[in-house]
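Subject: Structure handover

Hello,

Here is the structure I promised to pass on. Please open it and keep it beside you while you read my notes.

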Amino acid sequence: MEGNAKKAETGGIRGILRVLSRIHHRIMGLYLFILFLILWQIAPSVGWTNPVLIPSFSTVLAEGAYIGLGNVLVHIAISMKRVFVGFIISTAVALPLGFILSGALPRIAEALNPLMHFLSQVPPFILYPVFLIIVGPGEFGIYAVILWSAFWPILFTTIDGMRGIDARLIQCARSMNAGNFAVFTKVVFPAIFPNLVLGIRSGLTMSFLMMVGAESLGAASGMGFMIRNAQQIGAVARIYLGALLVAIVGFLLNFAAVEVEKTLVTWKEIAQ
Amino acid sequence: MSGADRIAAGGVTAHENNRPPKIEIHGIERIFLKKNETNGAQESFVALKDVNLKVESGEFVTVVGPSGCGKSTLLFLLSGLASPSRGEILINGDKVTGPALNCGIVLQGYALFPWRSVRKNIEFGLELKSVPKKERKEISDYYINLVDLTGFENHYPYQLSGGMQQRVAIARVLAYDPDVLLMDEPFAAVDAQTRETMQDELLNIWEKTQKTIVLVTHNIEEAIGLADRVAVMSRNPGTIRDVVPVNLPRPRRIGGVRNTPDFQILSHHIWELLQDKGSRGGSGAQSAAVPRVDIGEHIRDDAVI
Ligand SMILES: Nc1ncnc2c1ncn2[C@@H]1O[C@H](COP(=O)(O)OP(=O)(O)O)[C@@H](O)[C@H]1O
Ligand SMILES: [Mg+2]
């Protein structure tokens, strides 16, 4: 009883400390991030690094202000449009293909397996010069790179997911008179849904990264172009600005994708 | 129709003699193509051979046998999920050609849909039958109550104990409301105490609904305690060795009959039937062929799957 009273007494202070430590834990990563920015800011100005090669954080921000927020946003928007269009087309092809291959044509899927894995190892950037030769400069090459990089993770996770479905679940549905359509919509699709979301997420991340590369190979707009263009005209701060933008957008994109995944996938696999 | 009405309407007394048997199994053979483990060649493996059995409407038949003797294979054939290589199965006098509305199976292991809540799992078959939503809820309510899962309607399988998952699986097939209930080792993976409760629950449900039940087990006590008749299987090739009638009183609770002399005699008899196969096949080298079937409580948990 006495112990309880004591607990209640110190509860207020302890409670506050607990809340503080919880906040502290949550923003732990932020401390390091802020430290990084501070270092970035002071290192060039106190002479630890060459300010020409590594301009300070504020210089980079000033460069952004010089270009204008609107222009920066336009570059970002153009890049994102490329990512999403490429990614959506890629998903629209890879998903059904994965279903058809592993669901309806398992033998063909097995036969194609080595070829698919071989092709997936072809670096996406190789496609750019190929498209440059075939269709000339322009958007095609960029889209080809994005399509290619999103395609394989989505296809492979779909096929893996299909392979991992517990056969008994399908048997259970069949024993209750389920036809092919019902088996697909009520068993196969929900069963591999977590895989699909994971595959789509990694496809999206991949296509974003590859988009930046593709744009820097040859585009007249977008974040990748911005970096490459800055390099050509020797605007060092602008290179850093572009890199910073890519990092921020990529981070947000991934964050959003993870959150979407968390809300969509509500059940867990039974640990057996 | 409420769940209670459905049960009343489905009620059929156990011993109506002027009907054809509910289930007739005629000369079933099931052959699998297997890869030889040493040379990789395809060879045929006779999983079931010359299986014959008749089950009356409302009867509770258990099938006991060592693991690998073809019990699951037999239930698959009964459920229409697979077809026999030879012979035929009739249910209500009609040849089984595929899954049918009058036959439901509880597969070995729970086989619950992990992305569906308890209620949604139980309503699965009703969705397939396009039962309207309101009626689905009434029916699932009834069975959730029946298997004592009230309060867990919205839980997912991963949040339930093994015994609870098994009850969901049973409720799911009951809600589908087939006249013939096939159950593949439904209590193998639950602890001894829960198992006995669930066995009694199943007896209770069976007495209320008068469904025809074929239940597979490798536990002799369970086989006798539940059944009107026990089909004893042997392996290599899998076949029904004998069908032993169980004349213990009904309504029955396992705990009430387990220690009676009649039960012990039956138990010993079935045990001998299972042993006998071992000595008949081998010439002295008996041990390797003796089927591993447990008496009483000693179910091996690893025997599942
Ligand atoms: N799909 C299959 N392909 C090949 N062999 C199988 C298949 N299913 C079962 N078998 C074989 O048939 C035999 C009987 O299996 P099963 O019916 O699962 O036995 P039980 O349920 O009595 O343990 C086993 O030897 C098993 O390996
Ligand atoms: Mg089995």
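First, a term you will need: two strands count as paired if DSSP finds at least two bridges between them. Keep in mind too that this is a predicted model.

**The sheet**

Start with chain B. Four of its strands form an open sheet, and their order is 2-1-4-5. The pairing is antiparallel. In general, strands of a sheet pair through backbone hydrogen bonds, either parallel or antiparallel.

Which strands stand at the edges of this sheet? They are strand 2 and strand 5 (94-95) of chain B. Each has a single partner strand, so one side of each is left without a neighbour in the sheet.

Now look at strand 1 and strand 2 of chain B. They pair in the antiparallel sense over 10 bridges. You can pick out one position by eye: Lys35(B) has Gln42(B), in strand 2 of chain B, as its bridge partner.

**Ligand 1**

The shell around ligand 1 takes in residues of chain B, among them Phe32(B), Lys34(B), Phe45(B), Ala47(B) and Pro66(B). It also includes the run Ser67(B), Gly68(B), Cys69(B), Gly70(B), Lys71(B), Ser72(B) and Thr73(B). By type, the shell divides into 5 nonpolar, 5 polar and 2 charged residues.

- Lys34(B) places a polar side-chain atom 3.2 Å from an oxygen atom of ligand 1.
- Gly70(B) has a polar backbone atom 3.1 Å from an oxygen atom of the ligand.
- Lys71(B) also uses the backbone: a polar atom there is 2.9 Å from an oxygen atom of ligand 1.

How much of ligand 1 does the protein cover? On its own, the ligand has 560 Å² of accessible area, and the protein covers 65% of that.

Next, see which elements supply the shell. Strand 1 (23-35), strand 2 (42-55) and helix 2 of chain B each give two or more residues. The largest share, 3 residues, comes from helix 2 of chain B.

**The magnesium ion**

Ligand 2 is a magnesium ion. Which atoms coordinate it? They are OG of Ser72(B) and OE1 of Gln108(B), at 2.1 to 2.5 Å. This pair links distant parts of the chain, 36 residues apart. Ser72(B) is in helix 2 (residues 71-79) of chain B. Gln108(B) is in the loop between strand 6 (103-106) and helix 3 (118-122) of chain B.

Are these two residues buried or exposed? The cut-off for buried is under 20% relative accessible area. Gln108(B), at 13%, therefore counts as buried. Ser72(B) is partly exposed, at 24%. Ser72(B) also belongs to the shell around ligand 1.

**Backbone details**

Two peptide bonds in chain B are worth a look. The one from Asn236(B) to Pro237(B) is cis, with omega near -10°. Pro237(B) sits in the loop between strand 9 (229-234) and strand 10 (239-245) of chain B. A cis peptide bond also joins Arg250(B) and Pro251(B), where omega is about -15°. Pro251(B) is in the loop between strand 10 and helix 9 (254-257) of chain B.

Asn236(B) has another feature. Its phi is near 55°, a positive value in a residue other than glycine. Asn236(B) counts as exposed, at 58% relative accessibility.

Gln210(B) has a positive phi too, about 55°, and is not a glycine. Find Gln210(B) in the loop between helix 7 (192-209) and strand 8 (212-217) of chain B. Gln210(B) is partly exposed, with a relative accessible area of 23%.

**Two last stops**

Go to Arg258(B), in the loop between helix 9 and helix 10 (261-281) of chain B. Arg258(B) counts as buried, at 18% relative accessibility. What does its side chain contact? It makes a polar contact with the side chain of Glu196(B), at 2.4 Å.

Then switch to chain A. Phe140(A) is in helix 7 (residues 139-163) of that chain. Phe140(A) counts as exposed, at 57% relative accessibility. Leu127(A) is 13 residues away along the chain, and the two C-alpha atoms are separated by 9.9 Å.

Best wishes

Notes: Residues numbered from 1 in each chain as written. Chains lettered and ligands numbered in written order. Predicted model: local features only at pLDDT ≥ 70, side-chain atom pairs only at ≥ 80, totals over all residues. Heavy atoms only, no water. Donors = N, O, S within 2.8 Å, 3.2 Å for Na, K, Ca; no water. Buried < 20%, exposed > 50% of the residue type's maximum accessible area, 1.4 Å probe, protein only. Near = heavy atom within 4 Å. Polar contact = N/O pair within 3.5 Å; in protein donor to acceptor, adjacent residues only side chain to side chain. Areas by Shrake-Rupley, 256 points an atom, 1.4 Å probe, with all protein chains shown as cover. Nonpolar A, V, L, I, M, F, W, Y, C, P; charged D, E, K, R; others polar.
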